[in-house]
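Please read them with the sequence and the structure open beside you.

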Amino acid sequence: MSYTSFRTFQLHSFLLKRRNGFFYSTTTKATTQSQTQTKLSASTQSKKLDKIPKDYEPVIGIETHVQLSTLTKAFCNCPYNYGSFPNTSICPVCMGLPGALPVLNSKVIEFAVKLGLALNCKLAFNSKFDRKQYFYPDLPKGYQISQFDVPIADSGYLDVDIPLEFGGGHKRFGITRVHMEEDAGKLLHTETGNYSQVDLNRAGVPLLEIVSEPDMRNGIEAAEYAAELQRLVRYLGVSNGNMQEGSLRCDVNVSVRPIGQSKFGTKVEIKNLNSFASMSRAIDFEISRQVLLHSQGQEDQIVQETRLWEEGTQRTITMRKKEGLADYRYFPEPDLPSVILCQEYVDGIQNSLPELPEEKRRRYEKMGLGMQDVLFLANDKNIAEFFDATLAKGADAKLVANWIMSDIAAFMKNEKLTINDIKLTPEELSELIASIKGGIISGKIGKEILFELLAKGGSVKEIIEKKDLVQIADPVEIEKMVDKVIAENPKQVEQFRGGKTKLQGFFAGQVMKVSKGKANPGLLNKILLEKLNSKS
């Protein structure tokens, strides 16, 4: 379905024109927002819901459109680059001009098969395209090329790990189908609302629509499902999955029913979800809205419609009544042949699949890493590759995870960099960990070296030698430093021996300052305690 979102309004004297490379439409009148939306504010509704028994079950399914990272569009040779000047990547085919015929981009099939396999789906070795006869102001053909009764993949599932802060655990959500289709253009609305310009750059861009089973029961599960789908397409390299660019768009279907009832309630679709956080909030609000209507005996006011999520007011509002299958009038696309797969082709793609997020998380768990570490490391493909490359150099998994999740992650956040932007290499991180573990340098010096490596790169050994950072492990030399510090702080020594033992940290810090951070911490504290507890 088109992702173009319209507010509910009535058009009079609608006219599509072209001016200076743009198509534009004019309107002469707009009515007010539909009054079917709830009159309760989010805060008022939340307070009332606290008094409602938890005897309703939410049922949630998601339709996700993934924009494919192909070099050209689905049925022509036009490239697509996000942010390009309007109507600069168009041709007779994607403009739907008479006599222009579509030719399927074979990369679309490859990506569809790849995602279908990754989602554990059953592939259709003989599928076809269909025409979806529905008016899109931003799709000039007047119909969309999609797949209807024979999608390229169906009957799959996606395994998701719920973060610990949301209760943890593993969930499996069913995948109804995956099908190929083309995108529509984009409407550019003016502030006055008098007319809308049409940018056709996106028209004809290849999409995969993934339809889930109605297996989710709250906003968190739905958001985690969508986030896992984003991870998956990025791991596969079929899409960048950027929601802010429209490369991943989720339309959520929400209904509620009394606990124990097998029949589904009336389904409401929510659009305009531009982040996983807003998706979770929108779903929870819509569940609250529907439960409240049920509890007041007004369930007949829940109608099959499309609603928009308003981030500012934190509520859903009516957009339009939902179309049914009869409105689309599907029939087989006469200008495209069937898509026929052979086993050898499918096997080749199957063998080329990378280790997927779910597989990576299970492997990390077997290393003894906690779920928090596992989720962080596997979330980003590039971070996971950096982690694995460091392990390949012989470093301990837990130590590597700690360095990546703490100091390295903090540096990337502060500098607004990705793991691919930093100068530190997996080889040098492994060398740094080995140098600390082997007693060559202290952990404190290790951090100083780390930040230099992150910003400037270089070699751990060269930095240690150049700055003379080798850890002091000679007991005699450390003892001299301890004696010096004790002699310079008699008052603190008296307080320590009087029971103020926390002053040990003060003395250790002073010795470290004298040694310029190079004293072996274990040896330092051993000698320090002996001296402080000595009465002589």
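1. Where is the place of serine 515? Serine 515 sits in the loop between α16 and α17 (521-533), where helices (H or I, at least four residues) and strands (E, at least two) are DSSP runs numbered from the N terminus. The model is a predicted one, in which local features need pLDDT of at least 70 and side-chain atom pairs count only at pLDDT 80 or more, while totals for chains, interfaces and linings use all residues. Residues are numbered from 1 along each chain as its sequence is written, and side-chain values use heavy atoms, with hydrogens and water left out.

2. With a relative accessible area of 3%, serine 515 is buried (buried means under 20% relative accessible area, exposed over 50% and partly exposed in between, with a 1.4 Å probe and protein chains only). Its side chain reaches the backbone nitrogen of alanine 519 at 3.2 Å. Once neighbours within four places in sequence are left aside, serine 515 is in contact with Ile472 and Met481, contact being heavy atoms within 4.5 Å.

3. Helix α15 (residues 490-497) packs against helix α16 (residues 504-514) at an angle of about 145 degrees, the axes being 10 Å apart; axes are lines fitted to C-alpha atoms, for helices over the stretch in contact, and angles run from 0 to 180 degrees between N-to-C directions. Gln492, Val493 and Phe496 of α15 meet Gln504, Phe506 and Phe507 of α16.

4. An open sheet of nine strands runs in the order β4-β8-β9-β12-β3-β13-β14-β15-β16, with mixed pairing (two strands pair if DSSP finds at least two bridges between them). Because β4 (122-123) and β16 (315-321) each have a single partner strand, one side of each is left without a neighbour in the sheet. Helix α2 (residues 106-118) packs on the sheet, touching β4, β8 (153-161), β9 and β12, and helix α4 (residues 276-295) also packs on it, touching β3 (56-67), β13, β14, β15 and β16.

5. Strand β14 (residues 268-271) is covered on both faces, with Val268 and Ile270 buried on one side and Glu269 and Lys271 buried on the other. Three bridges join β14 to the antiparallel strand β13 (residues 248-258), with valine 254 and valine 268 as bridge partners. Towards strand β15 (residues 305-310) the pairing is parallel, again over three bridges, and lysine 271 stands opposite leucine 308.

6. The largest nonpolar core has 65 residues, and Leu119, Met180, Ile210, Tyr225, Leu232 and Met279 touch the most other members; such a core is a set of buried Ala, Val, Leu, Ile, Met, Phe, Trp, Tyr and Cys residues joined through side-chain atoms within 4.5 Å. Helix α3 (residues 219-236) gives the most to this core, with nine residues. Apart from it lies another core, of 38 residues, including Met412 and Leu454.

7. Leaving aside neighbours within four places in sequence, its contacts are Leu158, Asp159, Val160, Pro357, Glu358 and Arg361.

Methods. Polar contact = N/O pair within 3.5 Å; in protein donor to acceptor, adjacent residues only side chain to side chain.
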